[in-house]
Structure formats: structure tokens, C-alpha cells
Amino acid sequence: MVSETGEMSSQVVESPPRSPPPTAEEGETSATVPTGATISIDPFDEDAETDSAYGGDDASSTSSIASSIRKYRELHGRTYHNFNTETTSEYWGPNDDKMNDQLDIGHHMLTLMLDGKLFLAPIGSNPQKVLDVGTGTGIWAIDFADQFPSSEVIGTDISPTQPSFVPPNLKFELDDAQLEWTYRPDSFDYIHVRCMLGAIQDWAHLYREIYKCTKPGGYIEHLEISIMFKSEDGSVTEDHFMAQWSKTLLHAAEQLGKTFAIYDFNYEMITKAGFVDVVEKKFKVPVGTWPSDPKMKELGQWNMLFCLEGLESWSLYLLSTVLKWSYEEIQVHIMTMRKHILNRKNHAYYDINVVYGRKPGGPSDLTNN
């Protein structure tokens, strides 16, 4: 792992081996355990102290990308976006290479969770126009555009960190999704949102804009993470450091006015926005290689890497700017959390949900009537 302060020694991160893509015959996702089931623990895990799978010790909404936008703000060596509107100036996430690498790790982890699928909504085999809100590095949009070469795919973000060489049916736009959308109403077959916790001030407004711009019969899909670390066997209790870490970030985000807890409300709010046939699928995602099931073990290995690489990115802005912690206090906090994540006796997991729904109208409603 790249050193996080000048005093810390550098560490090497070894990525877990990638699993082969699923066959066409595979149906429901099987790489995760639904929230109602229990994750079994690998019996060989009981005596291990540290997870060896991790190598190391311890206005108008659309604008053209201008050179001034790339003059990023800096905080303790990390860079942050410089696309300032009335809603984006207080966004916690860095936009540097370290953050982008972590986002790409997360993309692989989440795709593994869905058994190689990019989405769960029943959008059919020929979506024509697709929007990826908060595209980040653009990796999901790139994969989707490759999978559906006849579709027109747009990825939007407040930082222009996406690659230049992309599929011909994909374009990226600098965009603050929190403002009033300028896309034509009823224009998208499918709108995708993923991991936008702490990014939105008014989720009800965002869902209304998505509803407005979705075609009748088209779909919204929102995948979101609950950052609450917990366990089934009592190894991570409510007063455990890992749970307290989660509560600290949740509190800081609420102080900022951009909740980290949208996981708890996205199903209800998507329904209230007017979408019908709304479906919610929940998954338990382990942190570490402690599960006995091979797929869950691999998922936990990638999720552990995702978490370890993201600790500073998630905490630096919120703890320093919002809660006024010193840089030294933050680094101690991060190193303590790393030790708990790497401790194989902590059988931690957190929940992820995927919510999708259809805008009324379109061929299916005509058929039903």
C-alpha cells in the first residue's frame, strides 16, 4: 500500500486473483449471502490473528471540461474536485489516482457480488439511451457500453477523471446531478446510480429528476452501501471500534448535510418518486477471508482490499474539515481501523442493496391494460 504519511513505511498491495466471468446459464447472484441468511466461518480461520490475503503489515447542470477545472484543491496531499456549484463545494471524496484505484477495485468487488452482472433491472437486450450518474472513473459505463454497443451511454461526474479512449458509443460529461437536469424529459431507457453516499443534499429532488428524464417503461437502478460494520457472531458489537468508525462517519456526513445512510431510504424514496414494480435486493458482504464458502471468501478478499485502500479517502475530509480532527489524530484513527480490518477474529460484514423500479407507461402497461 502506498504510504499515507511521510513517517509510515510503504506497503505492497497484492490484488486477489480475478474469478472467471459467469456463464450465460447462471441466473440469480450466488456470490453473496442474502441478508436473511448467515455467513459461515472458515474453521481454519479461528487461530489466525491477521488476514494474510492483504499484503503488508499494517445553474445549467452540464458544462464543457475546461483546463481550470483540472486545477484541483488539495488537502494533506490528496486532491479534490474544483467544479464548484452551490451544491458540490462540500463533497468529501478525493479525485486522485489513489481514490480512482480504490473505485476500480470496488467495481470489481461489486461486479463479483452480482456474479459478473453490471445491473439487475430487467432492461432487456437493446437499451437505446443510458445514463450513469456519478460515473467516477467511468469503468461501469465503459463495461456497459462494451456490452451494449448499439446503445448511447452517457457518464456524468463532477470530476473529469475518466479516460480519453472509450467505446465510440460512450461519452462523459462534467455535471452536477443535484441541479435541475437539462436532459430532455422521457429520454433515457435506463438510469444507473451507484455508491453515491455522502454526495447528494436532496435525494428526493434527484429521484424526481431521474423520473422526469426516464422514458415510460424505462428503469432506474440504485446500488448503495451501508457503511455500518457488524457481525453475526458477536465479534463486532455496537461498541466495537469498527462500528464506532461507521458511526463517526455517519455523524460527520449528517453535519455536512449529505447523508451516508441513503441505503436505508432509497427503496422508499424511489417508490415515492413515482416508479412502480420497485424491487429491493439485499446482500451481506464480508470484510476479509474468514467465510468458509469459496465465493464469499473471494468476495471478502476483494472487499477487504477495497476497504483498506479507501480508509483515508473516506475519512480525511470529513474528520478534518467537518469534525476538526488534527491530521495526526486522523492517521492514528486510520491505522487502528486497519488493524481491526486485518484481524481475522473480527468477522465483520456490511450490507449492500440494489433497488430498481420502472416508470409507468410503455409497452408493458399497454399489454396489461
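In this predicted model, helix H4 passes helix H6 in a left-handed crossing. The axes of H4, which covers residues 241–256, and of H6, which covers residues 294–322, come within 10 Å and cross at roughly 55 degrees; the two helices are therefore oblique to each other. On the side of H4 the contact is made by Trp-245, Thr-248, Leu-249, Ala-252, Ala-253, Gln-255 and Leu-256, and on the side of H6 by Leu-311, Trp-314, Ser-315, Leu-318, Leu-319 and Val-322. Sorted by class, the residues in this contact of H4 with H6 are 10 nonpolar and three polar, with no charged residues.

One of these residues can be followed individually. Val-322 belongs to helix H6, and, once its neighbours within four places in sequence are left aside, Val-322 is in contact with Ala-252, Gln-255, Leu-256 and Tyr-317. The C-alpha atom of Val-322 is also separated by 9.8 Å from that of His-251, although the two residues are 71 residues apart along the chain.

Helix H6 has a further partner in helix H7, residues 327–342, and here the axes come within 10 Å and cross at roughly 155 degrees. Since an angle over 145 degrees counts as roughly antiparallel, that makes H6 roughly antiparallel to H7. The crossing of H6 and H7 is right-handed. From H6, the residues Met-304, Cys-307, Leu-308, Leu-311, Glu-312, Ser-315, Leu-316, Leu-319 and Ser-320 meet a set of residues in H7 that includes Tyr-327, Ile-330, Gln-331, His-333 and Ile-334. By class, this contact of H6 with H7 has 12 nonpolar, four polar and two charged residues.

H4 and H7 also meet, with axes that come within 10 Å and cross at roughly 135 degrees, which makes H4 oblique to H7. Their crossing is left-handed. The contact is made by Phe-241, Met-242 and Trp-245 of H4 together with His-333, Ile-334, Thr-336, Met-337, His-340 and Ile-341 of H7. Of the residues in the contact of H4 with H7, six are nonpolar and three are polar, and there are no charged residues.

At least two lining residues are supplied by each of helix H1 (97–113), strand E4 (129–133), helix H2 (139–147), strand E5 (152–157), strand E7 (188–194), H4 and H6, and the largest share, seven residues, comes from H1. The lining of the largest cavity divides by class into 26 nonpolar, 17 polar and six charged residues.

The second largest cavity contains about 50 Å³ of space. Its lining is formed by His-107, Leu-110, Thr-111, Leu-114, Lys-117, Leu-118, Trp-140, His-192, Arg-194, Glu-221 and Leu-223. H1, E7 and strand E8 (214–225) each supply at least two residues of this lining, and H1 again gives the largest share, here three residues. By class, the lining of the second largest cavity has five nonpolar, three polar and three charged residues.

How values were computed: Residues numbered from 1 in each chain as written. Predicted model: local features only at pLDDT ≥ 70, side-chain atom pairs only at ≥ 80, totals over all residues. Heavy atoms only, no water. Axes fitted to C-alpha atoms, helices over the stretch in contact; angles between N-to-C directions. Helix = DSSP H or I, 4+ residues; strand = E, 2+ residues; numbered from the N terminus. Parallel < 35°, antiparallel > 145°, perpendicular 65-115°, else oblique. Left-handed = near helix turned anticlockwise from the far one by under 90°. Contact = heavy atoms within 4.5 Å. Nonpolar A, V, L, I, M, F, W, Y, C, P; charged D, E, K, R; others polar. 1 Å grid on protein atoms, 1.4 Å probe; cavity = no way out; pocket = protein on both sides within 12 Å on 5 of 7 lines; lining within 4 Å. Points joined across faces, edges and corners; volume = space filled by probe spheres on them.
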